[in-house]
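User: Could you take a close look at one part of this model for me? I'd enjoy a connected walk through it.

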Amino acid sequence: MTSDALKLLLDLARDLPPITMAVVHPCDAESLRGALDAKARGLINPILVAPKAKLVSVAEASGQSLEGIECIDVPHSHAAAATAAQLAFEGKAASLMKGSLHTDELLRAVLSSTNGLRTERRVSHVFAMEVPTYPKPLFITDAAVNIEPSLLDKRDIAQNAIDLLLALGISEPKVAILAAVETVNPTMRATIDAASLCKMADRGQITGGILDGPLAFDNAISAAAARSKGIVSPIAGDADILLVPDLEAGNMLAKQLQYLAGARAAGIVLGLKVPVVLTSRADNAESRMASCAIAKLLDAKRASQ
């Protein structure tokens, strides 16, 4: 049974007003189309931040219209990232979207100590995934930002993801903390971190969700696999969030689900004062729309607090 997760996100965001989103250097046909499609769906009011001549050229070559779209002319992608971050800092943009520039280039701008977008939280990324063989939305973190997160980094990564799911209306999200084995092994740091995160949740250092780990991937997503190993867990077979040991594990897991299991994904960067939509050239239109829907839902949650 499919979770139809991306459609669910779009449905949740449908009746909310569009948010202003600074789209950073959308200088290829797909990233420009993503911004314009999101506007057409009523998700965003885009501000395109890029060299104007490149934008016009891309639009003309791909048969897209920039009529009525606000554009800020900058000389190059570095300037586009810095300008977009400044728009968010000044409250002129409620979210940012990555266009045709490297993720590192955008993150350097938003993480700069001069633009005021950082919070006390570690910045992290969450994939919202629709996996045909899983009965509900599956969220994977962190597969894009933190390379080798420390225990305290993982605490923030977990809390960011829990807060996201709460904003999406998922109460008490279940967090499976992944490792290669289900038992604590002092020679495997991922198992030590998993056990520590569970105790941190017991002590109120992580709130709003239910955590368990270490769990191997099969035990996290299959109750039958957990039973076969004698694992008693409220998470097994019913995980909402998979918290991975490091970026390499998370990135491989997310891409394996996409390319071998037919999963579709939306992605968002959290832990900043505004959400940042990270798109990929491989993303289809619905994935891009769903990422914008997440940003829209997060903005609505922030406004209500």
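Analyst: Leu270 counts as buried because its relative accessibility is 8%, where buried means under 20% relative accessible area, exposed over 50% and partly exposed in between (1.4 Å probe, protein chains only). Before going on: this is a predicted model, in which local features need pLDDT of at least 70, side-chain atom pairs count only at pLDDT 80 or more, and totals for chains, interfaces and linings use all residues. Residues are numbered from 1 along each chain as its sequence is written, and side-chain values use heavy atoms, with hydrogens and water left out.

Back to Leu270, which sits in strand 10 (residues 264–270); strands (E, at least two residues) and helices (H or I, at least four) are DSSP runs, numbered from the N terminus. What does Leu270 touch, leaving aside its neighbours within four places in sequence? Its contacts (heavy atoms within 4.5 Å) are Arg122, Val123, Ser124, Val126, Asn160, Ala161, Leu164 and Leu298. Arg121 is 149 residues away from Leu270 in sequence, yet their C-alpha atoms are 8.8 Å apart.

Leu298, one of those contacts of Leu270, falls within the range of helix 11 (285–304), and that helix gives us a handy link to helix 2: the buried residues of helix 2 pack against helix 11, and also against strand 1 (19–24), strand 2 (44–50) and helix 3 (52–62). Those buried residues are Ser31, Leu32, Gly34, Ala35, Leu36 and Ala38. After helix 2 comes Gly42, with a positive phi near 80°.
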